[in-house]
Amino acid sequence: IMKKLIIGNNVRKHRFLKNEMTQKDLAKAVGVSRQTIIAIEKGQYSPTLELCFKLSIVFNKSIDEIFSIEYKK
């Protein structure tokens with residue numbers, strides 16, 4: 001049986017490092033709402049694989065530099 005996955009991210013950190021990019025600007029760059037970016041940053045929403053790739057392109061980072069997983073028992 002697969003353990004529960006917890007997907008973590010450091011989207012907020014990468015926004016800050018990219019000239020203090022706003023949530024609104026990031027949302028526009030990847031084609032989602034600001035609310036979606038907020039939910040991702042809070043860990044309340046797991047983005048699609050397509051959105052993960054878009055974020056990696058905007059930040060010029062690999063997906064695993066932006067997202068991490070933990071297994072919960």
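**Notes on the helices and a few side chains**

1. In H2, the buried residues are Gln23, Leu26, Ala27 and Val30. Seen down the helix axis, these buried residues of H2 fall within an arc of 100°, so they line one face. A word on terms: buried means under 20% relative accessible area, exposed means over 50%, and partly exposed is in between, with a 1.4 Å probe and protein chains only. The arc is taken over the directions from the helix axis to the C-beta atoms. Helices (H or I, at least four residues) and strands (E, at least two) are DSSP runs, numbered from the N terminus.

2. Before going further, please keep in mind that this is a predicted model, in which local features need pLDDT of at least 70 and side-chain atom pairs count only at pLDDT 80 or more, while totals for chains, interfaces and linings use all residues. Residues are numbered from 1 along each chain as its sequence is written, and side-chain values use heavy atoms, with hydrogens and water left out.

3. Back to H2: what does the face turned away from its buried side carry? There you will find the exposed residues Lys24 and Lys28. The buried residues of H2 pack against H1, H3 and H4, where contact means heavy atoms within 4.5 Å. Just after H2, Gly31 takes a positive phi of about 80°.

4. Two packed helices are described by the angle between their axes and the distance between the axes. For H2 (residues 23-30) and H3 (residues 34-41), the axes come within 8 Å and cross at roughly 105°. H2 and H3 are therefore roughly perpendicular to each other. Axes here are lines fitted to C-alpha atoms, for helices over the stretch in contact, and angles run from 0 to 180 degrees between N-to-C directions. Angles under 35 degrees count as roughly parallel, over 145 as roughly antiparallel, 65 to 115 as roughly perpendicular, and the rest as oblique.

5. Which residues form this contact? From H2 come Gln23, Lys24, Leu26, Ala27 and Val30, and they meet Arg34, Ile37, Ile38 and Glu41 of H3. The residues of this contact of H2 with H3 divide into 5 nonpolar, 1 polar and 3 charged. In this scheme Ala, Val, Leu, Ile, Met, Phe, Trp, Tyr, Cys and Pro are nonpolar, Asp, Glu, Lys and Arg are charged, and the others, Gly among them, are polar.

6. Glu41, in H3, is worth a look on your screen. Its relative accessibility is 19%, so Glu41 counts as buried. The side chain of Glu41 makes a polar contact with that of Gln23, at 3.0 Å. A polar contact is a pair of N or O atoms within 3.5 Å; within protein, one must be able to donate a hydrogen and the other to accept it, and residues adjacent in sequence count only if both atoms are side-chain atoms. Leaving aside residues up to four places away in sequence, Glu41 touches Asn9, Val11, Arg12, Arg15 and Gln23.

7. H4 (residues 49-59) has Leu51, Cys52, Leu55, Ser56, Val58 and Phe59 as its buried residues. They cover an arc of only 160° around the axis, which puts them on the same side of H4. Exposed Leu49, Glu50 and Ile57 sit on the face turned away from that buried side. The buried residues of H4 pack against H1 (11-17), H2, H3, H5 and strand E2 (67-72).

8. Glu20 is not a glycine either, yet has a positive phi of about 50°. Glu20 lies in the loop between H1 and H2 and, at 53% relative accessibility, counts as exposed.

9. Finally, His14 and Glu65. His14 lies in H1 and is buried, with a relative accessible area of 6%. Not counting residues up to four places away in sequence, His14 touches Phe59, Lys61, Glu65 and Ile66. Glu65 belongs to H5 (residues 63-66) and, at 38% relative accessibility, counts as partly exposed. A polar atom of the Glu65 side chain lies 2.8 Å from the backbone nitrogen of Ser62.
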